[in-house]
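Here is a short report on one protein model. It covers strands, cores, contacts and salt bridges.

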Amino acid sequence: ASKLVLGVPFYGRAWVVQTAENEGLYKEGKRPAVRLETRYGALASGLVNKDGFVRRWDVAAQAPYLWNAKKRVFVSYDDPESMRLKARYVVLNGLAGVMFWEYASDPTGALLDVLHRELNRR
């Protein structure tokens, strides 16, 4: 465990699902016809609870997702809450640390600040 590094994204992934069942969770999908900006900064400021996108929480994954019922678009991503849980997992399990991609996707430093604070609680 002490040699493992957890990778965390500073971006999301979006897809269109065929059915609205379970708000798109664990459903097959395809890329949206119109490109969505899914860097964390753009998601946080432009999509979360806007334009039909509603923030939800996946209890099993311990992570948020966005759901647009009208467009059947599902976006998985991490936010400060899920990042805090991941960092605590790293500390509790004695992992070597965290790597992230990509720095520029978190312009306010919201995700990086959470990682720094939680990982330095060791």
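Is Ser82 buried or exposed? Ser82 is buried, because its relative accessible area is 0%. Buried means under 20% relative accessible area, exposed means over 50%, and partly exposed is in between (1.4 Å probe, protein chains only).

This is a predicted model: local features need pLDDT of at least 70, side-chain atom pairs count only at pLDDT 80 or more, and totals for chains, interfaces and linings use all residues. Residues are numbered from 1 along each chain as its sequence is written, and side-chain values use heavy atoms, with hydrogens and water left out.

**Around Ser82**

Ser82 sits in helix H2. Helices (H or I, at least four residues) and strands (E, at least two) are DSSP runs, numbered from the N terminus. Leaving aside residues up to four places away in sequence, Ser82 touches Trp57, Gln62, Ala63 and Pro64. Contact here means heavy atoms within 4.5 Å.

Tyr89 is also in helix H2. Tyr89 is partly exposed, because its relative accessible area is 47%.

Five strands form an open sheet in the order S3-S2-S6-S5-S4, with antiparallel pairing. Two strands pair if DSSP finds at least two bridges between them. Strand S3 (29-30) and S4 are the edge strands, and each pairs on one side only.

Strand S4 (residues 54-58) runs antiparallel to strand S5 (residues 63-68), with five bridges between them. Val54 has Trp67 in S5 as its bridge partner. Asp58 stands opposite Ala63 in S5. S4 and S5 make a hairpin with four residues between them. In the turn, Gln62 has a positive phi of about 55 degrees.

Gly52 is in the loop between H1 and S4. Gly52 counts as partly exposed, because its relative accessibility is 46%. Not counting residues up to four places away in sequence, Gly52 touches Trp67, Asn68 and Ala69. The C-alpha atoms of Gly52 and Ala63 are separated by 19 Å, with the two residues eleven apart along the chain.

**Cores**

How many residues does the largest nonpolar core have? It has 21 residues, and those with the most contacts inside it are Leu66, Val75, Met83 and Leu115. A nonpolar core is a set of buried Ala, Val, Leu, Ile, Met, Phe, Trp, Tyr and Cys residues joined through side-chain atoms within 4.5 Å. Strand S2 (13-17), helix H1 (40-46), strand S6 (73-76), helix H2 (80-92) and helix H3 (110-119) each supply at least two residues of this core. H3 gives the largest share, four residues. Another core, of five residues, lies apart from it, and includes Val17, Leu25, Tyr65 and Trp67.

Leu115 touches Val8, Phe10, Met83, Ala87, Val98 and Phe100, not counting residues up to four places away in sequence.

**Salt bridges**

A salt bridge is a side-chain nitrogen of Lys or Arg within 4 Å of a carboxyl oxygen of Asp or Glu. By this rule the count is ten.

| Pair | N to O distance |
|---|---|
| Lys71 and Asp51 | 3.6 Å |
| Arg55 and Asp79 | 2.7 Å |
| Glu118 and Arg88 | 3.0 Å |

Lys71 and Asp51 form a salt bridge. This pair links distant parts of the chain: Lys71 is in the loop between S5 and S6, and Asp51 is in the loop between H1 and S4, 20 residues apart. Lys71 counts as partly exposed at 45% relative accessibility, while Asp51 counts as exposed at 54%.

Arg55 and Asp79 meet through their side chains. Arg55 lies in strand S4 and Asp79 in the loop between S6 and H2, so the pair ties together parts that are 24 residues apart in sequence. Arg55 is partly exposed, with a relative accessible area of 26%. Asp79 is buried, at 7%.

Glu118 is buried at 3% relative accessibility, and Arg88 is partly exposed at 34%. Salt bridges that share partners also join Arg35, Glu37 and Arg39 into one network.
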